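Please read this briefing with the sequence and the model side by side, and look up each residue as it is named.

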Amino acid sequence: MAAKSISMTVPSWLNLEHVWLPYTQMKTASMPLPVVSAKGVRLKLADGRELIDGISSWWTACHGYGHPHILQAVAQQLETMPHVMFGGLAHEPAYRLAQRLASLLPGDLSRVFFTESGSVSVEVALKMAVQFWMNHGERRTKFVSFKHGYHGDTFATMAICDPEEGMHRLFQGVVPQQFVVDIPSTPEKLEKLHGLLREKKSEIAAVVIEPLVQGAGGMKFHEAAVLCELKRLCAEHGLPLIFDEIFTGFGRTGTLFACEQAGITPDIMCLSKALSGGTMPLAATVASEKIYRAFLSDDADAALMHGPTYMAYALGCAAANASLDLFVSEPRLAQVAAIESQLTEELGRCRGLRGVVDVRVKGAIGVVQMDAPVESEKLRGRFAQMGCWIRPLGDVIYLTPPFVTKEQDLSALTAAIHSVLRVN
């Protein structure tokens, strides 16, 4: 076996003989850390050590782990009905969740199509946009997306990720080429985008963006004014606007949905990750009435022909309903505001350290921008030795902690980053 050993207790079940790990060169892969339980904001390892989770298991565990309200809802649903197909049958958790999402989302985003992962929710959004035009007698197959964007790992979503900087560079020339352009953050970039939309309007099905924060593409931030300009341009050219809020949705940027900070409503929104509170796989693609009505017809072929096997997974919907309860019964957005303030102060101390070119914070997202890609695996090990689970991404070291993270635990995370960079 090619896997390198690390200093830890390795349980008998942990080996790399049969598992293919995500985003990993398996020839040189180190053993992952074996987690035996998770509670609150802590991950307990097989050797008894505990790590403070600084990234919420890829941004999902907004309430931390093992919240009793979510556990109770899932346990009750498991006993009643874990799953039933969504084609021709209905169950209360899904219908209730759809109603609640429609009431929380801005504008007329009210038609909820459930899936089981973020990538698939974006695939469905792209499919909706293309078929929207087909149902109007037009064939439009191109999308406008943005550099440093990330929207998933499936074929269609890879095509709208950044083909130069992203993790899917290998697939250039394999996936369909799309219009991947600069975020219109300056008048010059805005005018360039305007020219593209004017010239290629008849080919473009929709414009797609991660609002306010581009996540896996490097934790890049942009102003709410950018979204307002995008909305204006899309309205001017009659193009649907898709917001991928898989990362930003459910409080991560300081409001329940990032689009609220721009005061605008997209035509389609994609949700996942924190939708179920980090408990169950679940996603949703939510369309406006305008998009939805384009699929209503006496022609059966005009229907949206999509339906994942685990669509509207009852356990996931139960978890999501319980998660939404917690945004009402517990002060989640106030907690995010407190985290933002603390991250701003404590990560700010990294400014001036060698290799640090920027420190930026938005809601419960804190980013230390380095001048070059870091040795992620090496740094992960050093953070773990300090009792923290932090997973650097390319040239950034970032924190996206659970919203319930206490002040002292957050300080431990920020101190670990400062300490490692100070001696690096």
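Helix H3, residues 92–104, has 13 residues and reaches 18 Å from its first C-alpha to its last, close to the 18 Å expected at 1.5 Å a residue, where the expected span is 1.5 Å times one less than the number of residues. This is a predicted model, in which local features need pLDDT of at least 70 and side-chain atom pairs count only at pLDDT 80 or more, while totals for chains, interfaces and linings use all residues. Residues are numbered from 1 along each chain as its sequence is written, and side-chain values use heavy atoms, with hydrogens and water left out. Helices (H or I, at least four residues) and strands (E, at least two) are DSSP runs, numbered from the N terminus.

- In H3, the buried residues are Pro93, Ala94, Leu97, Ala98, Arg100 and Leu101; here buried means under 20% relative accessible area, exposed means over 50%, and partly exposed lies in between, with a 1.4 Å probe and protein chains only.
- These buried residues of H3 pack against helix H2 (68–80), strand E4 (109–115), strand E11 (268–271) and helix H9 (314–329), and contact means heavy atoms within 4.5 Å.
- Helix H7 has 14 residues and reaches 20 Å from its first C-alpha to its last, close to the 20 Å expected at 1.5 Å a residue.
- Ala224, Val226, Leu227, Leu230, Leu233, Cys234 and His237 are buried in H7, and the buried residues of this helix pack against E5, H6, strand E7 (204–209) and strand E10 (241–244).
- After H7 comes glycine 238, whose phi is positive, near 65°.

**Pairs of packed helices**

- Two packed helices are described by the angle between their axes and the distance between the axes; the axes are lines fitted to C-alpha atoms, for helices over the stretch in contact, and angles run from 0 to 180 degrees between N-to-C directions.
- Helix H6 (residues 187–200) packs with helix H7 (residues 224–237) at an angle of about 25°, and their axes are 11 Å apart.
- That angle makes H6 roughly parallel to H7, since angles under 35 degrees count as roughly parallel, over 145 as roughly antiparallel, 65 to 115 as roughly perpendicular and the rest as oblique.
- The crossing of H6 and H7 is right-handed; a crossing is right-handed if the near helix is turned clockwise from the far one by less than a right angle, and left-handed if anticlockwise.
- On the H6 side, Leu190, Leu193, His194, Leu197 and Arg198 meet Glu229, Leu230, Arg232, Leu233, Glu236 and His237 of H7.
- The residues of this contact of H6 with H7 divide into five nonpolar, two polar and four charged, where Ala, Val, Leu, Ile, Met, Phe, Trp, Tyr, Cys and Pro count as nonpolar, Asp, Glu, Lys and Arg as charged, and the others, Gly among them, as polar.
- Helix H10 (residues 332–347) and helix H12 (residues 407–423) pack at an angle of about 30° with their axes 10 Å apart, and they are therefore roughly parallel to each other.
- H10 passes H12 in a right-handed crossing, and the contact is made by Ile339, Gln342, Leu343, Glu346 and Leu347 of H10 with Glu407, Leu410, Ser411, Thr414 and Ile417 of H12.
- By class, the contact of H10 with H12 has five nonpolar, three polar and two charged residues.
- Helix H11 (residues 376–385) packs with H12 at an angle of about 125°, with their axes 10 Å apart, which makes H11 oblique to H12.
- Leu379, Arg382 and Phe383 in H11 meet Ala416, Ile417, Val420 and Val423 in H12, and this contact has six nonpolar, no polar and one charged residues.

**Individual residues**

- Most residues other than glycine have a negative phi.
- Serine 57 has a positive phi of about 50° although it is not a glycine; serine 57 lies in helix H1 (residues 56–59) and is partly exposed, with a relative accessible area of 36%.
- Methionine 219 has a positive phi near 55°, lies in the loop between strand E8 (213–214) and strand E9 (220–221), and is buried, with a relative accessible area of 0%.
- Proline 281 is found in the loop between E11 and strand E12 (283–288) and is exposed, with a relative accessible area of 52%.
- Proline 281 and serine 57 are 224 residues apart in sequence and 13 Å apart in space, C-alpha to C-alpha.
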